[in-house]
Amino acid sequence: MDKTIYHEQIADQLFCDRLYNPSREIARDVVVFWQDYLKENETKPRWMDFADGSDSTKIYEAYNIFLNHRPGITTLYQKIVESFKTKVDNPQKYAIAGWVNVYEGGGFLDWHTHGVGQGGYFDGRWHGYFCVNGEPSKTMYRDNETHQLVQSVENKNGWLTMSPGGMEHRVTPWENEEKPRITIAFDIALRNGISPGNYNHWIPII
């Protein structure tokens, strides 16, 4: 399995500045709208503990940020899709869903994976994120079995990072006390593996 971690610039700082407030507004709105869903999941086994500090991350399954009408979101979706199409031969077999991560000072995402199944590292799912306000921070990737660090990515505003979903990764604690760390994350999954009850959550890549 190809364990390549792609890291490339797809936008400038001005684009990130314009996306900053809409991202915060979306995070606020989805948490308010899905507050009952959030409370219900707090009573279940805490498999989302790694996301403590960002409620809009914990409810990532409840919404798809790329369906939001706020400025910059559709453009970001297009940029991500354009990049993804250079990574695979059959992009039309995939669909995408995204969410927003918002972490105040000291907050971070702990070790986790996306879409690990019988295929081990890679069950066909990709994971990625775009830095709206992520400087300075790092995302670290480690071997799932040995837990040895394999790569550390220096996060940069306007840059897209993408990897096979099964790779374990975490983010360093956010050091800025004045402005939160904001990233827009996403999964890209094979369409034939999406549950019929979840079809309205994913956007096909065409």
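**Pockets, sheet and helix contact**

Strand β8 gives the most to the lining of the largest pocket, contributing three residues. The model described here is predicted. The largest share of the lining of the second largest pocket also comes from β8, with four residues.

**Largest pocket**

- The volume of the largest pocket is about 290 Å³.
- Its lining comprises 17 residues, and those nearest the centre of the largest pocket are R125, A189, G193, I194 and W202.
- Two strands, β2 (94-103) and β8 (181-190), each supply at least two residues of this lining.
- Classified by residue type, the lining of the largest pocket holds seven nonpolar, six polar and four charged residues.

**Second largest pocket**

- The second largest pocket contains about 230 Å³ of space.
- It is lined by 22 residues, of which F50, W99, H112, H114 and H127 are the closest to its centre.
- At least two residues of the lining of the second largest pocket come from each of β2, β3 (126-133), β7 (168-171) and β8.
- By class, the lining of the second largest pocket consists of nine nonpolar, 10 polar and three charged residues.

**Three-stranded sheet**

- Three strands form an open sheet in the order β5-β4-β7, and their pairing is antiparallel.
- Strands β5 (149-154) and β7 are the edge strands, each pairing on one side only.
- On average, neighbouring strands of this sheet are turned by 20° against each other, direction ignored.
- Strand β4 (residues 138-142) runs antiparallel to β7 and is joined to β7 by four bridges.
- Residue R142 has E168 of β7 as its bridge partner.

**Packing of helices α1 and α4**

- Two packed helices are described by the angle between their axes and the distance between the axes.
- The axes of helix α1 (residues 13-33) and helix α4 (residues 73-84) come within 10 Å and cross at roughly 115°.
- Because angles of 65 to 115 degrees count as roughly perpendicular, α1 is roughly perpendicular to α4.

Terms used:
Residues are numbered from 1 along each chain as its sequence is written. This is a predicted model: local features need pLDDT of at least 70, side-chain atom pairs count only at pLDDT 80 or more; totals for chains, interfaces and linings use all residues. Side-chain values use heavy atoms; hydrogens and water are left out. Axes are lines fitted to C-alpha atoms, for helices over the stretch in contact, and angles run from 0 to 180 degrees between N-to-C directions. Angles under 35 degrees count as roughly parallel, over 145 as roughly antiparallel, 65 to 115 as roughly perpendicular and the rest as oblique. On a 1 Å grid over the protein atoms alone, a cavity is a set of points where a 1.4 Å probe fits but cannot get out, and a pocket is an open set with protein on both sides within 12 Å along at least five of seven lines; lining residues have an atom within 4 Å of a point. Grid points are joined across faces, edges and corners, and a volume is the space filled by probe spheres set on the points. Ala, Val, Leu, Ile, Met, Phe, Trp, Tyr, Cys and Pro count as nonpolar, Asp, Glu, Lys and Arg as charged, and the others, Gly among them, as polar. Two strands pair if DSSP finds at least two bridges between them.
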